[in-house]
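This briefing covers one protein chain, shown below. Please keep the sequence and the model at hand while reading.

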Amino acid sequence: MAQLDTREKLGILADAAKYDASCASSGTSKRNSVGGKGIGSTEGMGICHAYAPDGRCISLLKILLTNSCIFDCHYCINRKSSNVRRARFTAQEVVNLTLAFYKRNYIEGLFLSSGIIASSNYTMEQLVEVARSLREDHDFRGYIHLKTIPDADPELVQKAGLYADRVSINVELPTAPGLKRLAPEKSVGQIEGAMAGMKGAIEDGRDAKKKYKSAPSFAPAGQSTQMIVGADAATDSDIVAKASTLYDRFSLRRVYYSAFSPIPDASAVLPLQRPPLMREHRLYQSDWLMRFYGFKPDEVVSAAGDDGMLPLDIDPKLAWALKFREYFPVDVNKATKEQLLRVPGLGTKAVSRILSSRRFRTFTLDDVARLTVSVAKIRPFIVTSDWRPTLLTDKADLKRWIKPEKSQMELFAA
């Protein structure tokens, strides 16, 4: 490997890390450096590259330790047979970079992943060493997210949780046949075994913390995973079902989706074109429906078409409402929270405001309009004191009336 300076390594390894999608730092414990103790904070604002669900902007130094890899996963630009320029940081170089970036207020934390070098255990040792050095040698209190190696020694994987806020293990592809075909050196058993081990370690850590205040925190932001969309033949229904299973079995905080992106010198087994980015967006919306709107996985799946794919022109919640119109209209002044959350166009905040306000007033259509972006989208599905949709809800071409209009962006707009 050619000798590269730090700037060149950073250019290569930061670019290689752009395919990782796990950036939200929400859910971790709050730490700060008040009183001049330690370096860093998980509470502050800074240069932002991602938004957490609670609205906080977060910025992370997002890099790979190395883009060299002994594996040959077809979809990965860093695979063994790929003809990309290689680079590698030492653990100490990553520590120095993180501290230097933090002190310049460029970042609030570190997101570190890696290709597999020498062996899974050796790579995992290097990742853990970065986090250990930051925490123990430099008292770093910022956010740390480590991508772990599934087939590394379980003790090493669990050790990562002692230093990192969040750990993640990529499930890679939604189906076992897809994984076997595109990543033959990885297996579902290895990946899910590592997830199960981490889940147990997180639960043990929480139990210990309840009994002993001095017990160390263990991965306080939990574990997450990432799934590639569009590299194999899995449908949206397959992906939603897989994500639901992962949430249930391993208590994951998040399942991230990453639309497959064609890479240079790609394997012939990969599709030639990337899937629409809107497909990734619709999957995130379906994930939101399950996590915050009370939808069950089979209900989200039922919003998909006969081909198992969610519609791209409307969001999954509207697709479900159009398909199951017997649930509508709902009376905004009487409906339960669960019923209101199923109304297209009503978000969780709007529903909370309706529930808290209707004890003192009766909602009209204008009142509801002030809580949503498009009252036209909501009208067929609600009843208010001055509005009833009569036959509108049953209109055969209702989708045409309420589907968001496409608008052409101005090329020379300021």
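Which handedness, left-handed or right-handed, does the crossing of α3 and α4 have? The crossing of α3 and α4 is left-handed; the term applies if the near helix is turned anticlockwise from the far one by less than a right angle, and right-handed applies if clockwise. The model is predicted: local features need pLDDT of at least 70, side-chain atom pairs count only at pLDDT 80 or more, and totals for chains, interfaces and linings use all residues. Residues are numbered from 1 along each chain as its sequence is written, and side-chain values use heavy atoms, with hydrogens and water left out.

**Overall make-up**

- The chain has 15 helices and ten strands; these are DSSP runs numbered from the N terminus, helices being H or I of at least four residues and strands E of at least two.
- Of the 414 residues in the chain, 50% are buried (buried is under 20% relative accessible area, exposed over 50%, partly exposed in between, with a 1.4 Å probe and protein chains only).
- Among contacts (heavy atoms within 4.5 Å) between residues at least 6 apart in sequence, 68% join residues at least 24 apart.

**The α3 and α4 pair**

- The axes of α3 and helix α4 (residues 154-163) come within 9 Å and cross at roughly 20°; axes are lines fitted to C-alpha atoms, for helices over the stretch in contact, and angles run from 0 to 180 degrees between N-to-C directions.
- The two helices α3 and α4 are therefore roughly parallel (angles under 35 degrees; over 145 is roughly antiparallel, 65 to 115 roughly perpendicular and the rest oblique).
- Residues of α3 that meet α4 include M124, V128 and R132, and those on the α4 side include L156, A160 and Y163.

**The six-stranded sheet**

- An open sheet of six strands runs in the order β3-β4-β5-β6-β7-β8, with parallel pairing; two strands pair if DSSP finds at least two bridges between them.
- Strands β3 (60-64) and β8 (254-259) are at the edges with a single partner strand each, so one side of each has no neighbour in the sheet.
- On average, neighbouring strands of this sheet are turned by 20° against each other, direction ignored.
- Four bridges join β4 (residues 109-113) and β5 (residues 143-147), and L110 stands opposite I144 in β5.
- Helix α3 (residues 120-137) lies across β4 and β5, at about 170° to β5.
- Helix α6 (residues 188-211) also packs on the sheet, where it touches β6 (166-168) and β7 (223-229) and makes about 155° with the direction of β7.

**Strand β7**

- Seven of the seven residues of β7 are buried.
- Q223, T225, M227 and V229 point one way from β7, while S224, Q226 and I228 point the other way.
- β7 pairs with β6 over two bridges, with S224 as the bridge partner of S168.
- β7 pairs with β8 over six bridges, and T225 stands opposite V255 in β8.

**Nonpolar core**

- The largest nonpolar core has 108 residues, and Y75, L112, M124, L346 and F381 have the most contacts inside it; such a core is a set of buried Ala, Val, Leu, Ile, Met, Phe, Trp, Tyr and Cys residues joined through side-chain atoms within 4.5 Å.
- Leaving aside neighbours within four places in sequence, Y75 is in contact with residues including L173, I228, F260 and L270.

**R358**

- R358 lies in the loop between α12 (348-357) and α13 (365-369).
- At 22% relative accessibility, R358 counts as partly exposed.
- The C-alpha atoms of R358 and V332 are separated by 8.8 Å, with the two residues 26 apart along the chain.
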